[in-house]
Amino acid sequence: MAGIPGLLLLLLICAVGQVSPYGAHWKPTWPAYRLPVVLPQSTLNLGKPDFGAEAKLEVSSSCGPQCHKGMPLPTYEEAKQYLSYETLYANGSRTETQVGIYVLSRGGGQESSGKSRRKRQIYGYDSRFSIFGKDFLLNYPFSTSVKLSTGCTGTLVAEKHVLTAAHCIHDGKTYVKGTQKLRVGFLKPKFKDGGRGANSSSSAVPEKMKFQWIRVKRTHVPKGWIKGNANDIGMDYDYALLELKKPHKRKFMKIGVSPPAKQLPGGRIHFSGYDNDRPGNLVYRFCDVKEETYDLLYQQCDAQPGASGSGVYVRMWKRQQRKWERKIIGIFSGHQWVDMNGSPQDFNVAVRITPLKYAQICYWIKGNYLDCREG
């Protein structure tokens, strides 16, 4: 395998069976991908971390689209290094797993860099919508959004799994304070019967909600995020998967490989999160994708710290099942100042789920690569 050229190995996998967008009855359709396989090869026990990092609710980078596009593609060995991962268990023990990449067709993966910037992510008129009332909050897709005890947002992607941003639990050097006792919060009504009697629906006051918390059993963070392994900040790898100690019993949203921006319905993405300027509220937004690289989506969806880790999703037609389906195609990460024709612009950034990342995350969830052949 080591002799396979990195450029060939790490190109985006070819989509097959696409529908022409010019037909009279064309629907934005989920592409069919031939996916690589990412499998663990060896596992090493590590020492317990000190959990000393301060939780950062946002991450920033000054490397914009042109900077990213100018980066060399990682070699096969580098891709294996970036996709290797650390697992943290609830008892504080930690392991490092090296992976192998098996390309049954063609594969994908890439890298990035980053720095810092100030807080602010509202672009002109604030276009976010606070979601009130259990009739909305407890229904799909809003019910898939959960809150992390470290302050970020996550999304339910399986019966016991939550997808979020890596920086919500790890700062690139060590785990943040509180990660050893990490919990995931689910919004629920304060009283089982609503607590207000028969006239509750006529009240103009939003129904009070509370978080019910479930402990996390273990977390997975790719080594591409951890400093010293990939690059300065590893924004391309700012994702993590949490496994809960018990099933959450809610409908979840599947992950999918991110299609090119031009194939997204209306060129838009959607996500909901717990922005910290609206405490206790779930905040929904949608916006156009302005720019993209292989690993990142650049957009100007209004967002504040606390929303990072939100699952970015779209709704497209699933041809095999002949139905519409929402899938998570990225994870909201942070912000970038981008030099656009000599004029600095501020963008919010989402990490795309590429074929290699899909193969890795799916294996973390399923534990069997045969269940991860369709993105």
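Tutor: A charge is said to sit over a ring if NZ of Lys or CZ of Arg is within 6 Å of the ring centre and within 35 degrees of the ring normal. Please keep in mind that this is a predicted model. With that definition in hand, the charged end of lysine 251 sits over the ring of tyrosine 140, at 4.0 Å from the ring's centre, and the charged end of arginine 183 sits over the ring of tryptophan 213, at 4.6 Å from the centre of that ring.

In one of them, phenylalanine 142 and tyrosine 284 have ring centres 5.7 Å apart and planes at 80°, so the pair is edge-to-face. This pair links distant parts of the chain, since phenylalanine 142 is in the loop between α4 and β8 while tyrosine 284 is in strand β15, 142 residues apart. Phenylalanine 142 counts as buried because its relative accessibility is 16%, and tyrosine 284 counts as buried at 15%. The rings of tyrosine 298 and phenylalanine 347, with centres 6.1 Å apart and planes at 85°, are likewise an edge-to-face pair, which links strand β16 to strand β19 across 49 residues. Ring pairs also link Tyr85, Tyr239 and Trp364 into a cluster.

Cysteine 287 lies in strand β15 and cysteine 301 in the loop between β16 and β17, so the pair ties together parts that are 14 residues apart in sequence. Cysteine 301 is buried, with a relative accessible area of 1%.

Another disulfide is formed by cysteine 362 and cysteine 372, whose sulfur atoms are 2.1 Å apart; with -90° about the S-S bond, this link is left-handed. Cysteine 362 lies in helix α5 and cysteine 372 in the segment after α5, so the pair ties together parts that are ten residues apart in sequence. Cysteine 362 is also among the residues that isoleucine 255 touches, which include Leu163, Tyr358 and Ile361, not counting residues up to four places away in sequence.

Note on methods: Residues numbered from 1 in each chain as written. Predicted model: local features only at pLDDT ≥ 70, side-chain atom pairs only at ≥ 80, totals over all residues. Heavy atoms only, no water. Contact = heavy atoms within 4.5 Å. Phe/Tyr/Trp six-rings, centres within 6.5 Å; stacked < 30°, edge-to-face > 60°. Helix = DSSP H or I, 4+ residues; strand = E, 2+ residues; numbered from the N terminus. Buried < 20%, exposed > 50% of the residue type's maximum accessible area, 1.4 Å probe, protein only. Disulfide = S-S within 2.5 Å.
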